[in-house]
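Here's a quick tour to go with the structure on your screen. Keep the sequence handy as you read.

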Amino acid sequence: MPKTVIPFGPQHPVLPEPLHLKLVMEDEKIVEAIPAIGYVHRGLEKLTEKKEFTQNVFVVERVCGICSAMHALAYCQGMEKLMGVEVPDRARYLRVIWSELHRMHSHLMWLGLLADAFGFESLFMQLWRNREKVMDIMEETAGSRVIISVNIIGGTKRDLSEEMLAKIPAVLDEIYKDLKQVESVFLNDYTVKHRLVGVGVLSAEDAHALGTLGPMARASGIRMDHRMTGYAAYGELDFEPVVEKGGDCYARTVVRLKEVYQSIDLIKQAIGKIPEGEINVPVKGNPNGEVISRVEQPRGEVLYYMRANGTKFLDRLRLRTPTFANIPALLKMLPGSQLADVPILLLTIDPCISCTER
Amino acid sequence: MFDMIRNVLKNMVSKPATRNYPLYKRPSFKDTRGRVGGNDMEKCIFCGICSRKCPSQAIKVNKTEKTWEIDPFKCVICGECASVCPKKSIYMDEQYTPAAYRKEKSILVQPSEPAVSDDRVIA
């Protein structure tokens with residue numbers, strides 16, 4: 001049978017971000033997938049060398065809108081380690097609360113996009129309506145919907161008032177109730193299961209060998225979550241990563257769905273335990289030396305490498321985002337699958353191309 | 001399947017989650033970072049900390065001519081200038097920046113102090 005090449009992207013209705021895949025097809029079956037990235041490269045790593053290390057917080061936040069709080073957290077944690085700054089306890093808890101809110105809105109958005117990809121428009125609307133409640137909390141507490149700019153080197157910029165600490169669990173309860181209603185559609189609906197179960201199976205060995213991260217790895221049965229190391233205040237919270245055995249699109253959906261509940265639980269725990277006190281400490285001097293900092297994002301683990309030279313400017317900042325690590329797994333899953341499954345397969349790695357290209 | 005039907009029926013009788021936007025606007029939350037509202041030129045001492053801290057070099061301060069200018073098209077609305085201002089003369093606005101036709105900078109000039117009339121010399 002003659003082979004044909006079908007381009008998927010860089011502009012495709014299922015994904016607003018520019019990922020280009022050349023799909024080598026035999027009839028409707030994919031034989032090979034060749035990826036091409038580089039459509040939204042902005043040179044942010046280079047830009048960080050031109051800005052002062054305090055200004056870089058705002059630069060790294062703009063690597064990705066969806067997980068901006070975690071990018072800033074990873075950068076700030078690295079800098080604090082380098083400069084020997086002890087972050088106040090309250091700030092550590094605030095960082096957890098905002099990070100988990102980010103994870104919630106990212107997963108709710110992803111679940112909605114998945115529903116849209118398999119053509120379930122009303123489910124998509126249900127999830128995005130719930131996501132809007134999280135976005136409103138974010139705007140009310142931090143002043144902005146996505147790029148919340150709360151993390152600074154030495155703590156956080158804003159505090160949560162008593163009123164907000166009482167309001168957030170109430171809103172989360174509402175989201176929990178609404179999500180429980182649509183949960184069974186993802187888990188039990190015949191049509192939805194038909195699109196997800198057994199599609200794009202990634203075994204635990206493959207997932208480990210290809211270096212997948214985050215929900216991708218956890219759906220394949222690998223118990224790996226950087227939050228287990230207890231950075232920020234995660235060490236003081238009751239936490240167990242969500243692990244599924246299936247390794248298919250269904251398992252990845254279940255992992256992300258359960259992680260929304262887990263985030264609700266973590267935020268409530270953090271609000272229950274949050275201590276009184278300062279939210280940031282003044283930082284003096286310039287960083288010197290090199291450091292690696294890692295943080296668990298909604299899509300997996302992000303890695304920051306920073307080298308400072310004792311001046312205000314960094315020598316080098318390098319970041320590896322989870323989508324970059326998950327693309328090899330996508331290329332492993334694509335050959336052998338049907339063309340109609342490509343949007344679902346692509347979405348289940350939760351690609352963030354602007355993260356990947358920086 | 002029936003879960004979703006129940007949900008759909010509930011949504012048919014409940015009020016919409018969206019707003020009829022241009023007619024009904026949601027009021028902004030308190031302390032939302034909408035845009036840099038401006039600089040109170042009466043209070044500004046032209047120290048230039050805001051322009052040094054600005055991550056996008058959107059602010060220019062001229063101490064001799066007593067001018068303070070911001071390029072709203074460079075500004076990333078991080079709110080750093082307002083938080084570092086020693087006199088708290090820069091303030092944030094809760095409303096977002098409206099769309100503009102031209103890329104104009106907003107230049108503020110400190111009004112010159114009224115000349116002090118020295119009556120004693122004349123008298």
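The notes below go through this structure topic by topic. Keep in mind that this is a predicted model.

**What UniProt says about chain A**
- An unreviewed UniProt entry lists "domain: NADH-quinone oxidoreductase subunit D" for residues 119-281 and 286-358 of chain A.
- Take residues 119-281 of chain A: that stretch is 57% helix and 2% strand, and its end C-alpha atoms sit 50 Å apart.
- Now look at residues 286-358 of chain A, where you'll find 33% helix and 37% strand, with 25 Å between the end C-alpha atoms.

**Zooming in on L44(A)**
- You'll find L44(A) in helix α1 of chain A, which covers residues 44-50.
- L44(A) counts as partly exposed because 17 other C-beta atoms lie within 10 Å, while being buried would take 20 or more.
- Setting aside neighbours within four places in sequence, L44(A) is in contact with V59(A), V63(A) and R358(A).

**Getting to know chain B**
- Chain B has 4 helices and 5 strands, and along the sequence they run α-β-α-β-β-α-β-β-α.
- Of the 123 residues in chain B, 14% are buried.
- If you take the contacts in chain B between residues at least 6 apart in sequence, 70% of them link residues at least 24 apart.

**Where the chains meet**
- Chain B brings 14 residues to the contact and chain A brings 17.
- On chain B's side, that's 8 nonpolar, 3 polar and 3 charged residues.

Definitions and conventions:
Residues are numbered from 1 along each chain as its sequence is written. Chains are lettered from A and ligands numbered from 1 in the order in which they are written. This is a predicted model: local features need pLDDT of at least 70, side-chain atom pairs count only at pLDDT 80 or more; totals for chains, interfaces and linings use all residues. Two residues are in contact if their C-beta atoms, placed from the backbone, lie within 7 Å. Ala, Val, Leu, Ile, Met, Phe, Trp, Tyr, Cys and Pro count as nonpolar, Asp, Glu, Lys and Arg as charged, and the others, Gly among them, as polar. UniProt positions are given in the numbering used here, feature names are shortened, and annotations may be inferred rather than shown by experiment. A residue is buried if 20 or more other C-beta atoms lie within 10 Å of its own, exposed if 12 or fewer, and partly exposed in between; C-beta atoms are placed from the backbone.
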